[in-house]
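Hi everyone, thanks for coming. I'd like to walk you through a structure that may be new to you, so please have a look at it first.

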Amino acid sequence: MCIAWRNLMADFIFTHSYLIQAFPLLSFVIIGLGMTKAGKDTVKTIALILSALSMIYALLTALTYLFTVIGQPQLYPDRSLICFNLAWLNFSQNLTADMGIYLDPISVMMIVVITVISFLVNVYSVGYMKDDPGFNRFFPLMALFSFSMLGLVISSNILQMFVFWELVGVSSYALIGFWYEKPSAVAASKKAFVVTRFADAFFLIGILIVSFYSNSFDFQTLNSPETAAMLNKNYLFVSLPVNLLTLATLLIFAGGWGKSAMFPLHIWLPDAMEGPTPVSSIIHSATMVVAGVYLTARMFPLFAASETTLAVIQFVGAFTAVFAAVIAITQMDIKRILAFSTLSQLGYMLFSLGVAKVVTTGHHDGGINQLGYSAAMYHVFTHAFFKCMLFLGAGSVIHAVHSNDIMKMGGLKTLMPKTYWSLLAACLAIGGVFPFSGFWSKDAILLAALQSGHNFTFLVGLITGGLTAFYMFRFFFLTFHGQPRSEFHDVREDPWMTIPIVILTVPTVTAGLLEHFFVSQVTVATLAEGGHFAHPGWLPFVASAAAFSGIALAWILYGRGKIERAAVLQRAAGSLYTVVYNKFYIDEGYLFITHKIIFRWIATPIKWVDRTVVDGTINLCGWLLQLGGRGVRFAQNGQLHFYLGVTVIGFVMLLFLGK
Amino acid sequence: MSLSHFITLSLILCAIGVYGILTRRNLIGILLSVEVILNGANINFAAFAHFKAADPTAGAIFPIFVMAVSACEMAVALAIIISMYRQKKRLDVYRLEELNG
């Protein structure tokens with residue numbers, strides 16, 4: 001009886017789970033359409049209340065999910081349910097696209113992360129944006145952003161996901177270019193939009209291929225073994241054998257490739273720092289960039305069927321992880337350091353998904369190690385909190401110092417104590433120090449790589465861990481320790497801004513407690529576990545050693561808040577340093593390709609054809625018509641005399657001709 | 001005096017009227033020309049009534065009817081012309097082209 005009643009209640013809550021998404025949309029509509037001229041207090045109140053309601057409902061849904069779905073494995077064997085479904089588009093009798101809400105461990109995890117972070121960032125923004133003339137424009141856009149991201153994670157089919165995927169792109173475009181009077185912000189928002197759109201084109205082609213063969217858009221169908229088997233065929237494409245499954249999954253992954261800013265499409269993310277800091281914070285933690293990782297996790301059973309796809313994911317992830325970490329070491333802009341650290345952490349998440357495929361040896365038959373999947377999702381979870389906090393802290397510092405350059409900071413420890421201690425926790429977490437959350441999730445990722453036999457990737461992950469600790473503490477020491485390197489005026493901590501940071505310390509420190517839950521529950525229920533794996537006891541010590549050596553090196557070089565020792569090293573490295581500092585000239589390479597090659601050799605001839613041939617034909621038609629018109633217009637001069645004269649002449653002529 | 005004399009007279013009057021309309025630039029001149037055309041037509045009516053019709057009264061009614069209508073028309077037209085003159089200080093039809101499309 002009691003269970004029946006509980007399930008009834010759960011049904012009620014699940015049926016109305018669209019409310020999670022409806023509140024931010026409401027906020028966007030009310031403030032964005034109706035209150036652009038309203039007072040800041042009204043706007044602030046409405047934005048915060050609706051954001052809080054969304055968060056509360058999300059937490060309620062998550063709790064209900066925990067008790068009814070996770071708690072009753074006999075009722076929900078694959079731990080997922082579709083709790084809301086509407087027919088949306090009927091393409092043909094067999095092919096329909098729905099609008100639905102799909103709850104499974106990862107989507108529930110994501111709605112919690114998104115709504116909590118979105119709420120905290122909203123609170124923070126009240127303080128951060130209080131003097132900005134665009135205050136009333138900012139909150140509806142933020143609401144639209146979280147609405148889109150929520151829609152993305154709870155989508156029940158891939159077409160619905162694509163719609164919200166693009167909405168995320170649009171709202172990030174609006175937010176990165178929020179200060180549209182700055183040319184650099186406009187350029188950055190365009191860059192972000194164009195790069196992600198470029199990747200999305202492949203995503204759409206992938207969706208079309210997959211749904212063409214499987215006759216469905218639903219994730220449940222797409223992820224079924226039947227679909228994978230149906231797609232697993234070789235075709236000859238220009239005398240090259242192409243496996244359709246690999247091709248389709250790689251195309252779908254390309255969407256995530258751009259959205260999660262993996263090398264070489266990473267160029268938009270550091271520039272996206274042009275937006276206000278709360279925007280960077282939410283882009284880097286809960287929305288936008290994790291969308292790519294989420295997509296990969298969502299389609300994981302299908303991806304896992306193709307060994308090549310997972311190998312590509314693993315390689316791209318691992319390479320980006322170490323590549324971004326190396327660049328982060330040399331950067332001077334506080335937000336750029338954090339941006340590159342996000343790239344590096346996203347690399348971690350993706351290669352963790354990639355290493356879920358066990359290396360085929362005599363021992364194992366190349367099955368799936370679910371730990372890779374769980375660890376990736378766990379890292380998404382922990383990373384969201386500490387990265388959000390790092391950005392919010394950096395925003396507070398920027399707000400106080402009015403500069404992004406860490407060379408102009410230093411000695412802020414006594415001036416901003418709350419920010420100092422919170423950021424210390426975040427840096428320890430991202431650096432992977434026991435017992436902070438980052439330690440557990442990174443440990444799980446490294447363990448997954450090791451268990452699956454990807455030793456090289458494991459090594460890359462380990463080194464990147466050391467580098468991460470080093471550059472995070474370089475940033476930390478240079479910002480807070482030593483003597484101030486420029487004049488600060490009126491450095492204060494705004495409570496609107498410090499409270500969210502302090503609250504975020506809680507998950508940052510304690511999320512490690514959830515490791516067991518993630519590893520046991522956040523798995524793909526439909527995939528078989530690829531056997532038992534050893535759990536080497538030395539791994540946590542090695543990982544900690546890497547982290548501590550990074551921190552120690554940072555302390556030696558920058559511990560006193562001085563840069564003399566580092567400058568010596570920098571001079572010693574010479575041109576190598578310059579190359580890394582300029583981000584390996586990837587941006588310049590893109591500029592060269594687009595301007596010198598595409599613009600000059602492709603766009604210019606096309607432009608010539610357009611201007612002369614296409615426009616010429618149109619102009620010829622117009623000219624002929626004008627010529628005819630001129631003849632007709634001669635008779636229509638509006639003078640009655642002329643008309644009458646013509647009439648009389650015509651009359652006389654008729655008289656004579658009539659005879 | 002036969003019917004053809006009257007028809008010739010009315011034709012001449014009509015031709016003078018048309019010539020006036022075509023050549024005059026002044027609105028009042030055009031108006032006078034219109035009157036001349038109408039009178040030419042009236043003479044036609046009267047002549048045919050006198051020489052050909054069984055009942056001459058029917059033919060006499062039409063010229064009177066035309067005269068009444070043209071008097072009304074003249075009153076309206078003059079009113080328009082006067083107000084136009086007050087506004088524009090000119091009555092040259094070639095220069096009054098505000099309504100030209």
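**Two helices side by side**

Let me start with a pair: α5(A) and α6(A) are roughly antiparallel to each other. Please keep in mind that this is a predicted model. The angle behind that description is roughly 155°, and the axes of the two helices, residues 135–154 and residues 158–176 of chain A, come within 8 Å. Their crossing is left-handed.

Which residues make this contact? From α5(A) the list includes A:Leu141, A:Leu144, A:Phe145 and A:Ser148, and from α6(A) it includes A:Met161, A:Phe164, A:Trp165 and A:Leu167.

Is A:Phe138 buried or exposed? It has 23 C-beta neighbours inside 10 Å, and therefore counts as buried. Setting aside residues up to four places away in sequence, A:Phe138 touches A:Ser125, A:Met129, A:Asp132 and A:Phe178. A:Ala384, on the other hand, is 246 residues from A:Phe138 in sequence and 21 Å from it in space, C-alpha to C-alpha.

Now a second pair in chain A. Helix α15, residues 307–330, packs with helix α20, residues 455–480, at an angle of about 25°, and their axes are 9 Å apart. That angle makes α15(A) roughly parallel to α20(A). The crossing here is left-handed. Among the residues making the contact are A:Ala318, A:Ala321 and A:Val322 of α15(A), together with A:Val460, A:Gly461 and A:Ile463 of α20(A). This contact divides into 12 nonpolar, five polar and no charged residues.

Let's step back to chain A as a whole. How many helices and strands are there in chain A? There are 27 helices and four strands. The C-alpha trace spans about 125 × 65 × 60 Å along its principal axes. Chain A has 659 residues, and buried ones make up 50% of them. If we take the contacts in chain A between residues at least 6 apart in sequence, 80% join residues at least 24 apart.

One more helix of chain A deserves a look, and that is α27, residues 640–658. At 1.5 Å a residue, its 19 residues should span 27 Å, and the end C-alpha atoms are 26 Å apart, which agrees. The number of buried residues in α27(A) is zero, so this helix lies largely in the open.

On to chain B. Helix α2 of chain B, residues 27–51, gets the length check too: its 25 residues should span 36 Å at 1.5 Å a residue, and its end C-alpha atoms are 37 Å apart, which agrees. The buried residues of α2(B) are B:Ile30, B:Gly40, B:Asn44, B:Phe45 and B:Ala47. What do they pack against? They pack against α1 (3–23) and α3 (56–88) of chain B.

My last stop is B:Ile21, in helix α1 of chain B. B:Ile21 counts as buried because it has 21 C-beta neighbours inside 10 Å. Leaving aside neighbours within four places in sequence, B:Ile21 is in contact with B:Ile30, B:Ser33 and B:Val34, and also with A:Leu644. From B:Ile21 to B:Ala49, the separation is 28 residues in sequence and 28 Å in space, C-alpha to C-alpha.

Conventions: Residues numbered from 1 in each chain as written. Chains lettered and ligands numbered in written order. Predicted model: local features only at pLDDT ≥ 70, side-chain atom pairs only at ≥ 80, totals over all residues. Axes fitted to C-alpha atoms, helices over the stretch in contact; angles between N-to-C directions. Parallel < 35°, antiparallel > 145°, perpendicular 65-115°, else oblique. Left-handed = near helix turned anticlockwise from the far one by under 90°. Contact = placed C-beta atoms within 7 Å. Expected span 1.5 Å × (residues − 1). Buried ≥ 20, exposed ≤ 12 C-beta atoms within 10 Å, placed from the backbone. Nonpolar A, V, L, I, M, F, W, Y, C, P; charged D, E, K, R; others polar.
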